[in-house]
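Dear colleague,

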Amino acid sequence: MTPANPSAPHVVRGAAQHDDSQAPEPVNDRELIGRVLAGDPGAERALYDAHVDRVFRLVYRMAGDLDRAQDWVQETFIRAFDRLAGFRGDSALGTWLCSIAISVSLNGLRQVRRARDREVALDDAGLLGHVPIQADPDLRTRLGQAIEALPDGYRAVFVMHDVEGYTHEEIARTLGVQPGTSKAQLFRARARLREALADFARE
Amino acid sequence: MPVHDDDRDPLDDRIRELARDVNVPPPTPRDEMWQAIASRRRARPARAPRPRWIPWAAAAAAVLAVGIGIGRLSVPEPSHPSPAVADAGPAPRVNATAYRLAAEEHLAQSEAFLTLFRASLERPGDHRLASATARQLLAGNRLLLDSPAARDEATRRLLEDLELVLAEIAQLSPGSPAQDLDLIRDGIERGDVLPRLRQAVPTGTALNHGAL
């Protein structure tokens with residue numbers, strides 16, 4: 001699968017997987033923001049329609065679970081509408097939305113991890129929700145587990161760059177870091193994944 | 001260590017290819033999510049728009065209130081007041097320096113508050129006091145945003161970012177989920193709000209005045 005162009009904020013990412021009739025027409029962000037701030041409820045929906053696919057794809061990649069992804073996308077847009085008056089236009093609206101989405105996702109992942117740790121602590125077997133990595137012979141499953149085990153920052157950069165096709169500059173703007181930091185984190189993420197899949201590489 | 005995209009192990013391509021088949025997003029449930037968003041937003045109380053005249057009138061009052069201690073520093077007494085001025089009695093003299101000092105005072109209080117608040121996030125507790133304090137600071141912040149102090153671009157941006165964080169803290173209630181606290185912490189850190197506040201506040205401001 002070829003990743004969609006992430007630098008086009010209004011192009012539905014991964015459009016091949018979607019019904020084209022749902023793809024929104026290109027819209028002018030500045031005009032939409034003005035209408036939303038003026039209280040036009042139709043503009044809120046238009047803004048949502050213009051960006052929700054991109055946000056959903058990214059959040060789903062991070063969440064790996066439909067219910068969680070839906071919750072986090074909803075939280076992203078609620079926070080975005082609340083903060084829209086403070087959006088200064090330093091970056092594209094899509095980048096700003098993805099920044100909120102990543103923030104919500106990382107916080108959500110921390111919540112999930114804490115909840116999982118509590119469950120594990122309560123469960124004597126200590127295996128609830130976890131399958132030991134070596135136990136599963138399927139490379140894809142193992143890769144999914146290895147991605148999930150990455151530190152949050154590495155995971156976000158790996159998903160954005162290697163899976164969703166963002167550039168380091170876009171990732172830097174979204175995460176509020178330097179492009180060099182994004183490159184370094186991707187380098188380390190890949191090293192962790194190679195290490196996790198080392199025995200498959202030898203086969 | 002310089003890191004380049006080209007520093008790629010042959011296994012990386014295989015991993016990248018496979019990773020695109022992990023957590024493959026289904027079609028966006030856009031209507032379902034929109035209904036939930038609209039419903040959650042409707043359930044919250046709407047914010048009444050502020051009349052334009054109130055911030056200006058209140059800004060002067062706030063500057064006077066905050067500036068009781070600083071007002072005399074901001075406007076040096078003329079050495080030879082004209083008779084007309086002397087006859088007119090004490091006129092309100094709020095100048096740019098007073099606004100700047102009021103802004104510094106406010107930013108110093110906010111910096112101290114956010115530092116304490118962030119530290120309090122490390123332990124569970126009731127954030128009602130923090131919420132009440134944030135509301136007070138938020139009021140001052142809004143006044144300053146509408147004052148000449150906000151004509152300085154850096155100050156205005158800082159006040160805008162601060163407003164978002166304070167508004168989030170002000171909305172905390174005893175029933176707020178832990179995720180709200182995480183998002184606030186993230187908002188403080190992501191916007192570098194505290195370092196920017198510290199940079200904006202001259203050493204010794206506010207805490208020396210017993211602000212908190």
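In helix H3 of chain A, the residues A:Ala69, A:Trp72, A:Val73, A:Gln74, A:Glu75, A:Thr76, A:Phe77 and A:Ala80 are buried. Please keep in mind while reading that this is a predicted model. The length of H3(A) can be checked as well: its 18 residues, at 1.5 Å a residue, should span 26 Å, and because its end C-alpha atoms are 25 Å apart, the two values agree.

The partner of this helix that I looked at is H2(A), which covers residues 41–63, while H3(A) covers residues 66–83, and the axes of the two come within 9 Å and cross at roughly 135°. An angle over 145 degrees would count as roughly antiparallel and one of 65 to 115 as roughly perpendicular, so H2(A) is oblique to H3(A). The crossing in which H2(A) passes H3(A) is right-handed. From H2(A), the contact is made by A:Glu44, A:Tyr48, A:Val52, A:Val55, A:Phe56, A:Val59, A:Tyr60 and A:Ala63, and from H3(A) by A:Arg68, A:Ala69, A:Trp72, A:Val73, A:Thr76, A:Phe77 and A:Phe81. Sorted by class, this contact has twelve nonpolar residues, one polar residue and two charged residues.

As for chain A in general, it has nine helices and zero strands, and of its 203 residues, 36% count as buried. Among the contacts in chain A between residues at least 6 apart in sequence, 60% join residues at least 24 apart.

Although A:Gln178 and A:His168 are ten residues apart in sequence, their C-alpha atoms are 8.7 Å apart in space.

Finally, there is the interface, where 33 residues of chain B are in contact with 44 residues of chain A. On the side of chain B that touches chain A, the elements that give two or more residues are helix H1 (10–19), helix H2 (30–42), helix H8 (153–170) and helix H9 (178–190) of chain B. It is H2(B) that gives the most to this side, with seven residues. By class, the side of chain B that touches chain A has 16 nonpolar, three polar and 14 charged residues.

With kind regards

Terms used:
Residues numbered from 1 in each chain as written. Chains lettered and ligands numbered in written order. Predicted model: local features only at pLDDT ≥ 70, side-chain atom pairs only at ≥ 80, totals over all residues. Contact = placed C-beta atoms within 7 Å. Helix = DSSP H or I, 4+ residues; strand = E, 2+ residues; numbered from the N terminus. Nonpolar A, V, L, I, M, F, W, Y, C, P; charged D, E, K, R; others polar. Buried ≥ 20, exposed ≤ 12 C-beta atoms within 10 Å, placed from the backbone. Axes fitted to C-alpha atoms, helices over the stretch in contact; angles between N-to-C directions. Parallel < 35°, antiparallel > 145°, perpendicular 65-115°, else oblique. Left-handed = near helix turned anticlockwise from the far one by under 90°. Expected span 1.5 Å × (residues − 1).
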